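Here are my notes on this one, written while going through the helix packing and then the sheet. Have a look at the structure first, then see whether you read it as I do.

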Amino acid sequence: MAAKKKKGASAFKFSDDERVPKLAGVLMLFIAFYLFIAFTSYLFTWSIDQDKVLRWSWELLLDSRFEMANWLGRLGAILSNFFFFYGFGLPSFLVVYLLTLIGSAFIRRIPLYRFVNKIRYSLILMLFLSVLLEFLFGRFGFPWGGSFGANINEWLHRFVGTVGQIILFATIAFALVVWRFNPDFDNLTLGQAMTDVWGYFDDLVKGKLSRRGKMGDLQEAQARLRPGTRPRPRPGQSPLESLSEDEEDEEPMINDPVLVPPDLQRRVPLEGSQLAFDVAQRSARPPVASSSELELETNTPIATPPSVEKPPAMDLQPVESLQEENPDHSEPYDPTLELSSYEHPVLALLNDYSDQKIEIDREELESNKDQIIQTLLHYKIEITKIRATIGPTVTLYEIIPAPGVRISRIKNLEDDIALSLSALGIRIIAPIPGKGTIGIEVPNKKKQMVSMKEVLMHEKFKKAKMDLPIALGKTIANEVFVVDLAKMPHLLVAGATGQGKSVGINAILMSLLYKKHPSQVKLVLIDPKKVELYPYSQIENHFLAFLPGQDEPIITDTTKVIHTLNSLCIEMDNRYDLLKKASARNIREYNDKFVQRRLNPNKGHRFLPFIVLVVDEFADLIMTAGKEIELPIGRLAQLARAVGIHLIIATQRPSVNIITGVIKANFPARIGYKVTSKVDSRTILDAGGADQLIGRGDMLLSVGGEMVRLQGAFIDTPEVENVIEFIAKQPGYPEPYLLPEFYGDDGPPSGGNLSFSELDEMFEDAARLIVQSQHGSTSMIQRRLKLGYNRAGRIMDQLETMGVVGPSEGSKAREVLIYDEMELEKYLVELRAKK
C-alpha cells in the first residue's frame with residue numbers, strides 16, 4: 001500500500017526544481033480566479049453574449065471589432081460559454097474549486113494523493129448535478145446542466161421515463177450523502193446510512209455542516225473499538241489531519257460508558273466516569289501513531305451511570321498478540337510530515353564552473369600515443385591496438401599487446417614511459433579487470449575542474465534510488481560517479497595534507513543535504529581541528545545529532561568524543577532491540593513496517609533515521625585517547641551497518657598504528673588521496689597507486705578489492721556556507737536529535753546515602769516535575785528548570801539515590817517509582833523530618 005501511494009505521489013512530480021511546482025500552483029490559482037470572474041459574469045450576461053459566442057471562430061477571438069458584455073471580454077465570454085453551454089452548466093463552478101485545491105497543494109508541496117477522495121467526489125458531484133439541474137430547470141432557457149446534462153437527461157427520459165428518473169436521482173443523492181461520511185462503505189448498514197443522511201440534513205438546517213456532530217463522534221469511537229475496524233477521517237479531512245483536531249471545536253459530551261481512543265487528540269469527558277485518555281504528543285521521537293496502534297489503559301475503574309447497565313469488561317489481550325497492528329496498511333506514516341514545508345537546497349547556491357571547461361587537445365593525444373608506442377618498441381614490445389579514453393584530469397590509454405608478450409614486462413616500464421612522456425603520476429593497470437587490455441593512465445597537461453553543481457545536477461544523482469547517495473566526482477571516462485554509502489557500509493579516507501580530503505568530506509555531506517530530508521538522516525560530526533566542520537553547527541535542529549547538554553553541536557573535545565562514540569554504541573544496541581521486537585533484519589525492513597503502521601509507538605517503536613558519523617582527523621584522536629577511541633569505533637564498524645549507523649573516518653597519517661587491522665577489516669570501502677610513499681598507499685588500499693596520483697582531488701576508490709580512479713568534485717567554502725544558510729533559515733525541529741546519555745567511569749557520582757541537607761536546592765522541583773510527567777529524563781530537567789547539564793545530571797542521580805526514579809536504561813527514560821504527587825509530598829515531608 002505504501003509503495004502504491006509513493007508511486008502515486010511521484011506521478012505528479014514533474015521536476016526536481018522546487019520552483020516549478022510552485023509556479024504551476026500560482027498559475028492554477030490565477031486560472032481558477034479568472035474562471036470564477038468569468039463564470040460569475042456569465043450568470044448576468046449570458047443572454048447578451050450568447051448569439052455571438054455560439055457562432056464562435058478564431059476570428060471572433062482575435063477580431064477587436066467584436067465586443068462582449070462579459071466582465072472579462074471576449075476570452076471570458078468564450079470560456080464561460082464553453083463550460084456552461086457545451087459543458088456542465090452551473091456545476092462548472094466545481095472546476096474552479098478543483099483548480100484552487102490542486103494549485104494550493106502544489107504551492108504547499110502537499111502530495112496530491114491526499115486529495116484523491118475530494119477530487120473524485122467533486123467530479124462525480126459535478127456530473128450528477130449537471131444532469132439533475134437540467135432535469136429540474138432545463139425548460140427555463142438558461143443552460144443549467146449544459147450539453148452534458150441535456151443529452152444524458154434526454155437519454156434517461158427515453159430509457160426509464162420521468163418516474164424512473166426521479167427514483168434514480170433520489171438513489172444517487174442518497175448514496176452521495178452516505179459516501180461523504182463513509183468513503184470506503186465500511187460496515188455499512190441501512191440503519192447507519194439513514195442515520196448519516198438524517199444527520200446531514202439536520203446539520204444543513206442548523207448550519208453546522210462543517211462537522212459530523214456528536215452522534216458522528218460517538219459512532220466513530222464505537223467503531224474504532226470494534227475488532228477488525230479502523231478509524232475513518234471526517235468528511236473532507238485527510239486521515240493524518242484527523243490526528244490533530246482543532247482545540248476550538250466543541251468537545252462532545254458522551255453519556256454512554258464507551259472507551260474513547262486516544263487519537264481523538266484531546267481529553268473527552270465522560271459523564272459519570274473517571275476515565276480520560278492522554279493525548280499522544282506529536283513529535284519527531286516518537287512519531288504519532290494511528291488509533292489502531294495505540295494501547296488503552298484498563299487499570300482505571302469505569303463508573304457506570306445508574307440508568308445504564310455496566311458493559312462487560314473488554315479483553316484487550318488479543319490486541320497485544322496481533323502480529324500486524326494495522327492489517328490493511330492504510331494511510332502510511334509520513335516521517336517528513338513534521339517538517340512538511342522543508343525545501344531541499346537549490347543548485348543555484350553552488351558556483352558554475354562551466355566557463356572553465358577545456359577543449360580536448362588532439363595533438364597531445366596523438367603525441368602521447370606515439371611516445372607510448374615508440375617506448376614499447378624500444379624494448380621490443382609490440383602492440384596490436386591502442387585506444388584513448390579522455391577524463392577530466394587523466395587520460396587512459398588502453399593497449400592490447402601482441403601475442404606472446406608478458407604483462408610483467410610492460411608493468412616494469414612504468415618509469416620509462418613516464419620519462420618519455422615527461423609526465424608525473426603515470427600509473428599502469430596490468431591488466432584492466434574484465435577488459436583484457438592493459439591501461440596506462442597519463443595526466444592531462446590542461447586539467448579540467450569537476451564542480452559540485454555539475455555532479456549534483458546530473459541525472460545519475462537526481463534519479464538515484466539509494467538510501468545514502470553520495471556523489472564523489474567523475475571517472476576517467478568522464479562519467480559522474482554516485483555510490484550508496486549504506487552499501488559500503490563505512491568509508492575510510494586517507495591522504496597527505498592538502499590533497500583534497502576536507503573538500504571530499506564536504507562533497508559527501510553536501511550530497512546528503514541535497515538528497516535527504518532532515519527526518520531521514522542525522523549527522524554526528526567530530527572535528528578535532530575545530531574549524532573544518534564548524535559551519536555545519538547552524539543546522540543542528542535539522543540534521544545534527546549529539547549528546548544531551550552538549551554546548552557545541554560539533555564535537556571537538558576528546559573526552560566528549562569518547563562519550564559520543566560510546567553513546568552511539570548504546571544507540572546501536574537499542575536499535576537492535578527494536579529490530580528484534582519487530583522481526584526485522586535491517587533498518588530498511590524496520591522502517592518499512594513502521595511506515596505501514598505495523599509497529600506500535602507505545603511499545604517503544606519509532607522511525608529510525610540513518611546516522612552518519614564523520615571524523616575529520618582520526619589520527620589526532622588515536623594519539624590522545626588510543627584504545628578508548630579504537631574500541632567503540634571497532635564495535636560500530638562491525639555491527640552498526642544493519643541498524644543504519646555508518647562511519648566516515650578521515651586521516652592524513654595512514655600509518656599502521658593509526659589504521660589498525662581491526663579498522664581495515666571493517667572498512668572495505670576506502671578512498672586514497674595522494675600519499676608520499678608506496679608503503680602508505682598499501683596501508684590505505686592494500687595496493688600501490690596512491691603514491692602516483694597528482695593531487696588536487698585525484699583519488700583512488702577501493703570497494704571490495706575493485707579500484708576506481710576518480711577526480712573529486714570541488715566545492716568551495718562559500719558554497720558550503722550558502723547551502724547551510726539556506727537550510728538554517730528554514731524552520732527546524734524544536735530540539736536536535738539527542739543521542740543516549742553516557743557518563744563513563746568518571747561520570748556524575750551516584751551520591752550514596754544522602755541526607756536532605758545534602759540534596760540540591762532544586763531537588764524538590766525536579767522531583768515534582770518528574771512525578772507529574774512520569775518521565776525520568778535528565779534533558780527534561782535541564783530544559784524545564786533551565787539548569788546546566790552537569791547539575792541536571794547530579795540531580796537525576798540524587799533522585800535515583802533517594803528512590804524517586806530507577807536506574808539508567810541507556811537512551812530510554814528512567815522508570816518513575818512514585819506514581820502521584822500526593823505520595824511524593826508525603827515522601828518529601830518524611831525526608832525533611834529526618835534532617
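**Notes on a predicted model**

1. Let's start with a helix pair in this predicted model. Helix α11 (residues 362-378) packs against helix α13 (residues 414-421) at about 135 degrees, and their axes are 10 Å apart. That angle makes α11 oblique to α13, and the crossing of the two is right-handed.

2. Who touches whom here? On the α11 side you'll find Asn 368, Gln 371, Ile 372, Thr 375 and Leu 376, and they meet Asp 416, Ile 417, Ser 420 and Leu 421 of α13. Sorted by class, the α11 contact with α13 comes to 4 nonpolar, 4 polar and 1 charged residues.

3. Now the sheet. It is open and mixed, built from 9 strands in the order β6-β5-β14-β13-β12-β7-β11-β10-β8. At the edges sit β6 (480-484) and β8 (521-526), each pairing on one side only. From one strand to the next, the twist averages 25 degrees.

4. Zooming in on one pair: β13 (residues 698-703) and β14 (residues 706-712) run antiparallel, joined over 6 bridges. If you want a landmark, Leu 701 stands opposite Val 708 in β14.

5. Which strands does helix α16 lie across? Helix α16 (residues 501-515) covers β5 (469-475), β7 (491-494), β8, β10 (610-615) and β11 (645-651), and runs at about 130 degrees to β5.

6. Helix α17 (residues 558-582) packs on the sheet as well, touching β8, β10 and β11. The direction of α17 makes about 155 degrees with that of β10.

How values were computed. Residues are numbered from 1 along each chain as its sequence is written. This is a predicted model: local features need pLDDT of at least 70, side-chain atom pairs count only at pLDDT 80 or more; totals for chains, interfaces and linings use all residues. Side-chain values use heavy atoms; hydrogens and water are left out. Axes are lines fitted to C-alpha atoms, for helices over the stretch in contact, and angles run from 0 to 180 degrees between N-to-C directions. Helices (H or I, at least four residues) and strands (E, at least two) are DSSP runs, numbered from the N terminus. Angles under 35 degrees count as roughly parallel, over 145 as roughly antiparallel, 65 to 115 as roughly perpendicular and the rest as oblique. A crossing is left-handed if the near helix is turned anticlockwise from the far one by less than a right angle, and right-handed if clockwise. Contact means heavy atoms within 4.5 Å. Ala, Val, Leu, Ile, Met, Phe, Trp, Tyr, Cys and Pro count as nonpolar, Asp, Glu, Lys and Arg as charged, and the others, Gly among them, as polar. Two strands pair if DSSP finds at least two bridges between them.
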